[in-house]
Every structure is written in structure tokens, then in C-alpha cells.
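Please keep the sequence and the structure at hand while reading.

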Amino acid sequence: MTALARWCAKRRWYVVGAWVLALVALAAGALSAGDGFTNASSSSATESSRASSLMASAGLPSGNGGGKIVWHSNGASVQDPAVQTEVSAALTKIADLPGVAAVTNPYTQPETAATQLNASAGTAYATVAITSTDSIEAIRDIAAGLNSDQLQVAVGGQVFTEQPAAGGAAEGVGILAALVILLLVFRSAWAAVLPIITGIVGVATSLLLLILLSHVTDLSSNVITMGALVGLGVGIDYALFIVNRHRKALMGGKSVHDAVSEALNTSGRAVLFAGATVIIALLGVVVVDIDILTGMARGAALAVLLTVAAATTLLPALLSLIGLRVLSRRQRRELAAGPATPLSSSPTRSTLAERWSALVQRAPKRLGVLGLLVMVVLASPAVSLRLGSSDAGSDPVGTASREYADLMGAGFGDGVDATLSLVAATPDAASQQAFTDLSTRLTSVDDVAAVSPVATGTTPDGQSVSAITLTPSSSAQTEATADLVTALREDVIPATVAGSGVNSGVNSGSSNLQVLVGGTTASSIDSAQDVLSKLPLFLGLVALLGFLLLVIAFRSIVVPLVGALGNLLTLAVGLGVLVAAFQWGGLTGVLQLGSAAPVESLVPVLTIGIMFGLSMDYQVFLVSRMHEEYSRTGDNARAVRVGLAETARVIVTAAAIMFFVFAAFGFAGQRIVAEIGVGLAVAVLADAFILRLTIIPALMHLIGDRNWAYPSWAERITPRISIEGADTGTQLGADAGAVVPISRGHHDARPAGRTEETSGTDAR
């Protein structure tokens, strides 16, 4: 890292120019190519995905992929001739638009009137099938032109679903909050601005690259916001650690280039370690096997990779360019009078961090138990976690989507847009009759509002396929609809078709056919169940990974075990906050997201992956200083007290920046982005203030010297790494400019008599 630092510092203009050229080239490419994002989500193992494939092969429409135009007559009958004439004329215009394949009009197509016209409610709707999105806005305009005092019109359905643009203001608020915090901490405009510049450049580069990559791999449009959210949070924090160490080296009398080298060789190594853990955890979501989720995780991982690259190349070049201006005016005056010395810079009074550290040492049981109780209370709602997808019925009152949902629900039932598709291959008359009998049986099943006539199609190889469209009584996001899907698959279909030539068993071993339940609603339910079933495995992998990384870092069993369990507790807090804020609706009104709805299926996995890396960073930062002090003195109580006192300030600063950056995305206007932002924001605060600064030190005081015990056989096989490089002889004190002496520590926990590889630390 020293060689990289010196190269970047000496060739600072080349490094800055290379980043600028990369940004310009990527921006030009993105502007010329546009984006190729897709919101398709699939998991080939689910029943709904197999149902969709079967229906598509037979040319049968599946799910709720089309759009609807609903109108409600206020006063006059919906069948009034004037209303019919006006609406039919508008629907004809829509049918003639390019990209519109078909429009079903209940006035001119009597066969659809039974399902699409409710005279008693004064409501009717038309379906619109499109082959491209080119005319979406024109359709909206034509429908809006029908609105009057007598007629209320709205459009909805999947093709008309319009996600508000996330980001923009959210990123701006988060960046402004981070800037204010950095100014308060560093008292230098340059020192405050540099982490912001580094984070923005890293994020911008990654987002432009993601736009180009969307043409060669499936990526969701949400990956842009995800990359910005994660990249800004970690990018600013990582740069903060390096700038902090650089300023400390300058105050110790180092030249600018030597200070850059020291900062990158110590905090820069820690940044590489922390970034690697975030990337590994994000890439670990492949175990969930959902395309859109994997794509979003890869996009976030790319953002982290490039923010780390910016922090370890661009930032050293910028630090070399601005020289001593990275220090505050007071620090420059002090430096002009001579480098800080341990004696002259030692604080004359204890700081808040030192007083808190002493309090934790005096009362570890009480503070540890209190902190644990707070974490458990925050995490407790997680036991009620229900995953799914919100529908228009939970959107904010007054939005176009909510108006559409209210009109459709009042006229045709809450489940009108939650249709399920039941499909099977029916090669002979017997199987076709059995399938028809099934459709008759479905009309008497609880929570079924309507069942369509059997539709048939033929696959390219000549196989006959039959399908039924079932309309639930409840909306797509409700637990009742999820229960209906389960009942159909496990009870209704098997009991109805048993022995009749049609069988729903996937691997029953019989030659009978299968009835599959699919459609957009079933796909969402399947994805939620798939994620929920794999969540314990993912949590286990994350905990094991954290344990192994900490074992390598600290050559201890107890410290990594406490850290891994602490990580799980933090992740549980994040899930608990999601349930309370969004599933129970505690914050949906405040965030202008409407009413309560299930937690989006993708959110827990992404939140866990991101939060794991961040909590690992805090754990390494905190314990490395404790480990060094114990290696020097052999006094566990002193090691824990000093380590906590000297790292608390920067942990608090980093966590505060993360909180404001993440929390700002809670107001982004997209439920999935808001859930991730709020979940991470609260989890970061709980992790930093309660877990790392209270529970972990309290436990380490109670455990004593056993914290650092390590079996000799494990010592022989554990690889050696230096997370923060060689010790440079100084350690950040309680205030930003203080420097106090430290001694070299050892990876071995014993305090004396060893000359093994050293493990330097810094307070970033």
C-alpha cells in the first residue's frame, strides 16, 4: 500500500486526470447507449415460473401484465348512452395507437360485460394489451381527458405502474448532512469536502458503468438507487478514515507524502478489508437465486468496489494536491510552532469518550444487560416478518395508482388485480374434462370471487394446454391471498384431480399431469416464500463468514464469536425495524408511502448483506485497538477501556454519516428503497452506539483475559494478515489533533517475549 500511496501522490495530476477521463468516457457511453434495465424477476425453481413458461409456450396470456382503464359514473348510469359513446370513442383512439395490441370494451364486446361492467356500482373497465411502451403516455392522456364532474377515470395495472424517481433530493440531503458532520469534526473545509468528492466520484463511476452493463446482463432499474445508497454511505466513511489518519500523521510532523503513505498503509488497508467484507456479503445473495436480487447485489458490490478504488487512489492524489490545507487553521498554527509531542498534546481533562469507557468498565453487567434489552426490543418485531409485494391499495391517498385501486376495488372487489392462473398440459379428452371439473370445483372455494371459463392453447410441438384465471376476494398483498395459493396447491387441486387424469404433484412418480398455479400474484408469493426459506441459510453464512474473518484478524475464539453473534443481533434489529415501520405501518405515513404492506421480498437479503460489512468494519476498528493495547500491556481491563475511549469518536462520526445518508433515502418515494434506507439507518445507529460502544466492551470486561485465548494448533494453521499495516508509532487521542505514544503489538495475545509480526492500528 505504501508503494501505491507514493505513486498516486507523486503522479497526482495523472491520477486525477485518469478518473476524470474515466467519468467522461463512461458518461458519453451511457448517454449514447441509453440503459437496458429490466424489472423482470424470476427463479426457475418456483411453480409460478414453470406455469408462466407453460402458458407462454402455448400462447396463453398469464398474470396481470396488461393494463386497465376504469371509469365510474357519478350520477348518470354507467350504461347511459352518452357515457357509452364518449368512452367508446376514447377506447377506439387508444386501440389505434402504435404498440396497442388489443382493447376489450364492455360496451362493444358483450362477452366481456359480465366481468367488466358493474351497473349497480356505476363502474366499468376496459383492458389494454400492449406490445411496447411507446404509447403509455398517450393512453394516460386520452383517459385523463374523459374526467369530468360526471365521470371519474383512472388507469392502472402492471403496464401503467409508474415508480417515482428515487434519489436526487435523497442523495443531496444525505450528502449535505455528511458535509455538516465532517465540518464539525474536522474544522476544515478541505478535510470535510474530500470524503464527499471521493464518495461521489466512486458512486458516479459505478452508476455509469452499471448503465452500460445493463445491456449485457439483467439488471433492475433499482440497481442505480441501490448503488448510490450503498456507495455514498461506505465511500464517504472510508474516505473519512483515511483523511483522519492523514491529518494525524501531519500533526505528528510527517511530510505530506509521508503522511499520505502512512494513511494508506494503515487506514487504507482497513478500507480494503472492510470493502472486501461488504462485497463478499453482497455476492453471497446468490444463494437466494432470484435474478433481480442477484443483479441488485452485484450492482451494489460494484459501487463498493469503485468507492474503495477511489479512496485508495484518487484520495491520496487529492491529499497530495492540497497539502496542509487539509488541517484546520488552528492545527496549522500549532504545526508551525512544532510537531505535536505526547507530552504537549496530552489532554488535561477527560473527554466524553473516556468517561463513557470508564463507566462501562465500572458497570459492565448493568450497561451490558440494558443495551442487550434495547437491542432485543428493537429486534422483537422481526418474529412477525411477512414478505411480499405491496399493491396499489397501499399507495398514498390521492395518487393516481391509489385512485385506480379504490375504483376497481369498489366496483369489482379487492382481488380483481390479483388474479391467479391455473394451467396444465391436457393432451386428451379425459384430462381436458378433468380440468373443466376442477374449474367448476373452484367456484366453491373460500376467498375465490370468480373463475373464468377454461382457455386452451397449443405448444409448438402440438401439445394442448388448458388454463383457468381465478380471481381472489382479497388483494394481492394480503395474507388471505397467500393462504389461498397454499390451499390450492396443497389441498384443493390434489383433492379434486386425484385419480382423474390430472395431478398437481411435481415429482409424484405417476404419469398423471400437473396443475400449476401461476400469475404475477403467485410469482410474488413464491418469491417471498423462497427468500424466507433461504434467509436462515444466508444468516448462517454471514455469521460464519464474520467469525472466520475475525479469527484471522485477531487470533482469538471468544472475540470473533462475540462479534459474530453481535452481527446477528444487529441484523435482527434491522429486520425488526422493517416490520414495525413498513409491515405494521409505523412510518409509511411519515415517509408518504401510503399504508402498511408486507416487507418487499428483496429487502431483508440486501439489508443483511450491506449491514454485515458495515458492522464488521466497526468491530475490526474497535477490537484492533483493544488487541494492540492488550498485546502491549497484558491488561485486559486497560485494553478494553483504552480501545473504546480512543475509537469511540470516529465510530460515532462514521455512524452518524451513515445514518443521515441512509435515512435520506427513506424519503426517496419508492417503498423498496425507503425500506432499505430506514432499515440500514436504524441498524447502523444501534450497531455503533449500543452494540459496539456498550455491549461488546461490557462483555469483554466480564470475560477478561479469555478474550484473547487462542489454541496453539489453530495458531499454526491460521493465515497471517495485517489489516492496518505496520504500526507507525502514534494513535489518535481523544481530540482530533492529539497524538499519544503506542507500542508495537503482536498477533499473539501474550504481552511480552514475542517478536512475531506486528499489528498496527489506528483510530481512523
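## Aromatic pairs

In this predicted model, a search of the whole structure finds 4 aromatic pairs. One of them joins tryptophan 71 and tyrosine 107: the ring centres are 5.8 Å apart and the planes stand at 50 degrees, so the pair is tilted. Tryptophan 71 belongs to strand β1 (residues 67-73), whereas tyrosine 107 sits in the loop between β2 (100-104) and α5 (110-116), so the pair ties together parts that are 36 residues apart in sequence. Tryptophan 71 and tyrosine 107 are both buried.

Another pair consists of phenylalanine 659 and phenylalanine 660, with ring centres 5.3 Å apart; because the planes meet at 80 degrees, this pair is edge-to-face. Phenylalanine 659 is partly exposed, with a relative accessible area of 22%. Phenylalanine 660 is also partly exposed, at 38%.

## Salt bridges within helices

The count of salt bridges comes to 16. Among them is the contact between arginine 140 and glutamate 137, whose closest N and O atoms are 3.6 Å apart. Both residues lie in helix α6 (residues 136-144), and because they are 3 residues apart, about one helical turn separates them. An α-helix has 3.6 residues a turn, so residues three or four places apart point the same way. Arginine 140 counts as buried because its relative accessibility is 17%, under the 20% limit. Glutamate 137, with a relative accessible area of 46%, is partly exposed.

In helix α16 (residues 400-412), arginine 402 and aspartate 406 are 4 residues apart, about one turn of the helix. These two residues form a salt bridge in which the closest N and O atoms are 3.1 Å apart. Arginine 402 counts as buried at 18% relative accessibility, while aspartate 406 counts as partly exposed at 41%.

## A salt-bridge network

Arginine 625 forms a salt bridge with glutamate 629, with 3.2 Å between the closest N and O atoms. Both residues lie in helix α21 (residues 603-633), 4 residues apart, which is about one turn of the helix. Arginine 625 and glutamate 629 are both buried. The two residues also belong to a network of salt bridges that links Arg625, Glu629, Arg632, Arg638 and Glu646.

Helix α4 (residues 81-95) has 15 residues. From its first C-alpha to its last, α4 reaches 21 Å, close to the 21 Å expected at 1.5 Å a residue.

Which residues of α4 are buried? They are Val83, Val87, Ser88, Ala90, Leu91 and Ile94. These residues cover an arc of only 165 degrees around the axis, and therefore lie on the same side of α4. The face turned away from this buried side carries the exposed residues Pro81, Thr85 and Lys93.

## A nonpolar surface patch

Leu176, Val180 and Leu184 form a nonpolar patch on the surface, and together they have about 290 Å² of accessible area. Is valine 180 buried, partly exposed or exposed? Its relative accessibility is 42%, so valine 180 counts as partly exposed; that class lies between the limits of 20% and 50%.

How values were computed
Residues numbered from 1 in each chain as written. Predicted model: local features only at pLDDT ≥ 70, side-chain atom pairs only at ≥ 80, totals over all residues. Heavy atoms only, no water. Patch = residues over 30% accessible without salt bridge, like charges linked within 9 Å, V, L, I, M, F, W, Y side chains within 5 Å. Areas by Shrake-Rupley, 256 points an atom, 1.4 Å probe, with all protein chains shown as cover. Salt bridge = Lys/Arg side-chain N within 4 Å of Asp/Glu carboxyl O. Buried < 20%, exposed > 50% of the residue type's maximum accessible area, 1.4 Å probe, protein only. Helix = DSSP H or I, 4+ residues; strand = E, 2+ residues; numbered from the N terminus. Phe/Tyr/Trp six-rings, centres within 6.5 Å; stacked < 30°, edge-to-face > 60°. Expected span 1.5 Å × (residues − 1). Arc of directions from axis to C-beta.
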